[in-house]
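User: Could you show me how to read contacts, domains and helix packing in a model like this?

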Amino acid sequence: MSTVLSCHEVRKAFGATVVLRDLSLDVAEHEVVVLIGASGSGKSTLLRCVNLLETVDDGTIHLDGADITDPRANADHVRQRIGIVFQAFNLFPHMTVLDNVTLAPRRVHRVPRPEAETRALALLERVGLAGKATEYPDRLSGGQQQRAAIVRALVNSPRLLLLDEVTSALDPELVGEVLALIRDLKDEGMTMLIATHEMGFARRVADRVCFLDAGVILEQGPPDQVLDAPSQPRTRQFLQRLATP
Amino acid sequence: MDHPSTGSPSALDGDPYRPSDLQLGRVAYRRRQTVRSVIVAAVSTLVLGLILAVAITGSPGWPRVQDSFLDPQVAAKSFVPVLRGLWLNIRLLFFCAIGALALGLTVAIGRTLRPALFFPLRALAALYTYVFRGAPLIVVLYLFAFGIPGLRLTGTPSVLVLGGCALVITYGAYLAEVFRAGIESVHPSQRAAARSLGLTYGQTMRHVVLPQALRRVAPPILNDLVALQKDVGLISLAGPIDAIRAAQIQTAGSFNFTPYVVAGALFVLLAAPLIAVTDWLTLRAARRQSSVGTA
Amino acid sequence: MLAAFAGCSPQETPAPAATATTGLACGKAQLRTLTAGKLTIGTDEPVYPPWFVDNKPENGQGFEGAVAQALATKLGYTAGEVAWVRVPFNNAIAPGPKTFDFDINEFSITEERKAAVDFSAPYYDVTQAVVALKNNKIGSATTLAQLKTAKLGAQVGTTSLKAITEVVQPTTQPSVYNNNDDAKAALQNGTIDGLVLDLPTAFFVTAAEIDNSAIIGQLPQPSGQPEQFGLVLDKGSTLTPCISQAVESLRADGTLKRLEDQWLAQVAGAPVLS
């Protein structure tokens, strides 16, 4: 199995605050890596660096062996091969769901509209949103919006999918449908790097769980190991805080 | 809470619920209250109107004021000259609005460019908005319409064009700031999502940011255009005859102020459609623009 | 309705018209001026030569400054009993109480305007003249026809503007300016070819203000009658008959002519265009 993503000693600071501290992480093809950790531990920042929404201060990131942190690399081309979904404000509110999904294929890859729409509808069908294709995002529930956003991120057939706390802003009863979709994606072999608070979900979908603390990966391993029997005291502290209501 | 049915259960949608007497009593009470407040509002408005009318028309100077401001003959005589002047206002408004919008949008986009490479452009754009929002329009008009011809350069355009440029440059600065506020109000995740789909900066602007930004700032922009409609007339200080100037000329000839009233009425009529469009757009934008994300 | 308010009306009906000039009660004590015992005269801000000097009407210099002083003396007021106020054009013609007893500022008498204000007897006959830069398009014009294609300008609200539209009737719309300062600037920078002003002001402008300018000629009277300046008073003012009488006696005893010769001496020799 090839390595899709390789982060080597990545460093990122905002002003005086160091958010990522010489962090190294590899994600193999078809692997699902879940990042857990407190707010400010660097999970979102790492995802944004991988997607070139932030520039790293030091270190390298390789995608399929190519150095994407090289200033000469074409950022737009890189981003076409990586999909990302955020916690909120994903869909473009002034377009229908279908237009949202077909925007990139039509504008970036110059796919003609009928073809783009057929493919988009097929994808939406698979997640049960074909009926909402001509609606505007404000008519969809939060869970439907996030699922549509995931479909949109997949329409380019990306090598890697980044999910940044995609269920954190949803009402509890809507979280399940989104997690089910991600589970299906894993079964289809999608390589994913996920930041989440949902420990139960991490347990069911992760091949590997990484605990981030103060910009470094303090501990990583299979979910049973990290979540049930963490070796680091800080990991235990973090998990205990989550467990107590 | 149970509502005992009061009538036979034949209903249009199969729902056997019928309102209780208590509920019917509440509804009837509220209806009476509404009717009462409407009547009170109507009567008090009428009374106030009557008092004002009586106070104004009964005052000692009213007949002369009426002659000075509401003389039908003078109104009729000045109508065509004022209308001809208004045509200048309309033409100038059309071209200056387009120019100011284009300039404003360009400067706004220029100010939001992030890469360090564009720093000189951003600085220039910022300087422009500072200078021309601060400079009084009349001063700019004088400089353009009197100063530039004074340089005696060959090919100096007419005073009308120069004045139009002064208006475009001054209003462009205000519009630029409104556009910029709109662009920056679009959630950064929207831009991130667009870039993440592989769209270039230009494509992101065109398909994601600007459509949202423009819808958001349409009301304040149109508001500024209504103001422009009136300021356009200031060009008359440089020679051209606009509606107000035409009214002024008529007034001086007859020593009667009615032409100003005529001009004012025409201006309001001219602005009314634009104001109506603004209101309609605000309503439509509010409906569509609810933010995405939370359920 | 009006009868009920007549009691509070500050307006008085005019005194019965006495045709014999000696029959009018025009002594200082009988004149119902704004302030008893004082004469309040209004004029614009700023005012220009040759009508006033140094923008100080109270110095009694300039043609209108001198006429106003002569009038005050004729009516029996000393210099200390004369007060000057500045009155923007619109305030002079608006309905409502006036801040002056009479206003002197190159107002032309027309029938139309008499519906809104009272005019005194005329104190000056005025003609309009065209000023141009010597070397521009119309610098050497000698006929009205040559002016038809020129871009002419004048101050708003003046009979100069009316002269352009009624006598010259140019093919392009005249340019209209807020004041003569703007109009002079426009002439100097070439935005207009010719500036129309009353003849005395035209002489002053070409002599003292704009280099390389000249009077092309006078314009014939628009409606055949000579244009005349008069003092402006509130409509129905009780002072009008007395003020008019005073102006007439200044004319009769040669004062007006003497002041004309003193302040408007160069006003001769400009050809009348036809």
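Analyst: Happy to; we will take helix packing, then a chain contact, then domains. This is a predicted model, where local features need pLDDT of at least 70, side-chain atom pairs count only at pLDDT 80 or more, and totals for chains, interfaces and linings use all residues. Residues are numbered from 1 along each chain as its sequence is written, while chains are lettered from A and ligands numbered from 1 in the order in which they are written.

User: At what angle do the axes of α3 and α5 of chain A cross?

Analyst: Helices are DSSP runs (H or I, at least four residues), numbered from the N terminus. Axes are lines fitted to C-alpha atoms over the stretch in contact, with angles from 0 to 180 degrees between N-to-C directions. Here α3 (residues 97-107) and α5 (residues 142-154) of chain A cross at roughly 25°, their axes coming within 8 Å. That makes α3(A) roughly parallel to α5(A) (angles under 35 degrees).

User: Which residues of α3(A) and α5(A) meet?

Analyst: Contact means C-beta atoms, placed from the backbone, within 7 Å. A:Val97, A:Asn100 and A:Val101 of α3(A) meet A:Ala148, A:Val151 and A:Arg152 of α5(A).

User: How many residues does the contact take from chain B and from chain A?

Analyst: Chain B gives 25 residues and chain A gives 30 residues. On chain B's side, α7 (188-196) and α8 (201-231) are the elements that give two or more residues.

User: Where are the domains of chain C?

Analyst: Bounds come from an automatic or database domain assignment. For chain C, this gives domain 1 (25-125 + 228-263) and domain 2 (128-219). Their C-alpha centres lie 28 Å apart, and the contact takes six residues from domain 1 and seven residues from domain 2.

Methods:
Two residues are in contact if their C-beta atoms, placed from the backbone, lie within 7 Å. Angles under 35 degrees count as roughly parallel, over 145 as roughly antiparallel, 65 to 115 as roughly perpendicular and the rest as oblique.
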